[in-house]
Amino acid sequence: ELKEKNGKNVYIQEAIALKRFAENKYEDAIDMFKKALRTDSKQTYNYLNIARVYKVMGNKDKTREYFEKFIHEHSYFIPALLEYSKWLVEIEDYPDAQRKLRKADRLRSNDVEIMNLLFYSSYRLVKESVCEYNIKETISLAEKIKSLGSFGYETEKIELENLLVNIQGSK
């Protein structure tokens, strides 16, 4: 069993924090991840761990804060950008999700998972403020995703195509 007597060892601190997280002892987990960061400030992946704990706790502000800290330190780590983007979609922050997904798409172009989420975020934004150019751009993104493989939002694409027909027909 892990003991606090090894409290100065950052890896023991992280292991204790992960154990506390798994036991649903969220505040204790956060405290231990923060202690690990104080012990070794280079262990910045603990920002991601803290974001995950806050996410489970439902604390949106802290979740965002720690995802942002992690992304600031690891701007090219696509799995974290994707995880953050999925959470942003979950909480319906489509503009920020779209920004993060565009960055992820620049880092790893033609990734079907990233592009599907980017399409869905764009779809939600287009539905909120109807703009012919944005609708065309979103439909074009859907076509590109379909050409690459698995596209998960055919119904939404058809809805946008119908919306575009209606807009162009009313001119």
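Trainee: What should I know before reading the numbers?

Mentor: This is a predicted model: local features need pLDDT of at least 70, side-chain atom pairs count only at pLDDT 80 or more, and totals for chains, interfaces and linings use all residues. Residues are numbered from 1 along each chain as its sequence is written, and side-chain values use heavy atoms, with hydrogens and water left out.

Trainee: At what angle do helix α1 and helix α3 pack?

Mentor: Start with the terms. Helices are DSSP runs (H or I, at least four residues), as strands are (E, at least two), numbered from the N terminus. Axes are lines fitted to C-alpha atoms, for helices over the stretch in contact, and angles run from 0 to 180 degrees between N-to-C directions. Here, α1 (residues 10-22) and α3 (residues 45-57) pack at an angle of about 15 degrees, with axes 11 Å apart. That makes the two roughly parallel.

Trainee: Which residues of α1 and α3 make the contact?

Mentor: Contact means heavy atoms within 4.5 Å. From α1 come Tyr11, Glu14, Leu18 and Phe21. From α3 come Tyr45, Asn46, Asn49, Arg52, Val53 and Val56.

Trainee: How do α4 and α5 pack?

Mentor: Helix α4 (residues 60-73) and α5 pack at about 160 degrees, with their axes 10 Å apart. They are therefore roughly antiparallel. Their crossing is left-handed; that is, the near helix is turned anticlockwise from the far one by less than a right angle, whereas clockwise would be right-handed. Among the contacting residues are Phe67 of α4 and Glu83 of α5.

Trainee: What does Glu83 touch?

Mentor: Glu83 sits in α5, residues 78-90. Not counting residues up to four places away in sequence, Glu83 touches Leu48, Arg52 and Phe67. Its side chain also joins that of Arg52 through a polar contact of 2.7 Å. A polar contact is a pair of N or O atoms within 3.5 Å; within protein, one must be able to donate a hydrogen and the other to accept it, and residues adjacent in sequence count only if both atoms are side-chain atoms.

Trainee: Is Gln13 buried or exposed?

Mentor: Buried means under 20% relative accessible area, exposed over 50%, and partly exposed in between (1.4 Å probe, protein chains only). Gln13, in α1, counts as buried at 1%. Its side chain makes a 2.9 Å polar contact with the side chain of Thr39. Asp61, in α4, counts as exposed at 65%.

Trainee: How many residues are in the largest nonpolar core?

Mentor: In soluble globular proteins, nonpolar side chains tend to be buried together. A nonpolar core is a set of buried Ala, Val, Leu, Ile, Met, Phe, Trp, Tyr and Cys residues joined through side-chain atoms within 4.5 Å. The largest one here has 49 residues, and those with the most contacts inside it are Leu101, Phe119, Ile135 and Leu160. Its largest share, 9 residues, comes from helix α7 (residues 112-128). Leaving aside neighbours within four places in sequence, Leu160 contacts Phe119, Tyr123, Val126, Ile135, Thr138 and Ile139.

Trainee: Where is Glu92 found?

Mentor: Glu92 is in the loop between α5 and α6 (94-107). Its phi is near 65 degrees, a positive value in a residue other than glycine. Glu92 is exposed, at 53%. Asn110 lies in the loop between α6 and α7. Phi of Asn110 is also positive, near 65 degrees, and Asn110 is partly exposed, at 36%.

Technical notes. Angles under 35 degrees count as roughly parallel, over 145 as roughly antiparallel, 65 to 115 as roughly perpendicular and the rest as oblique.
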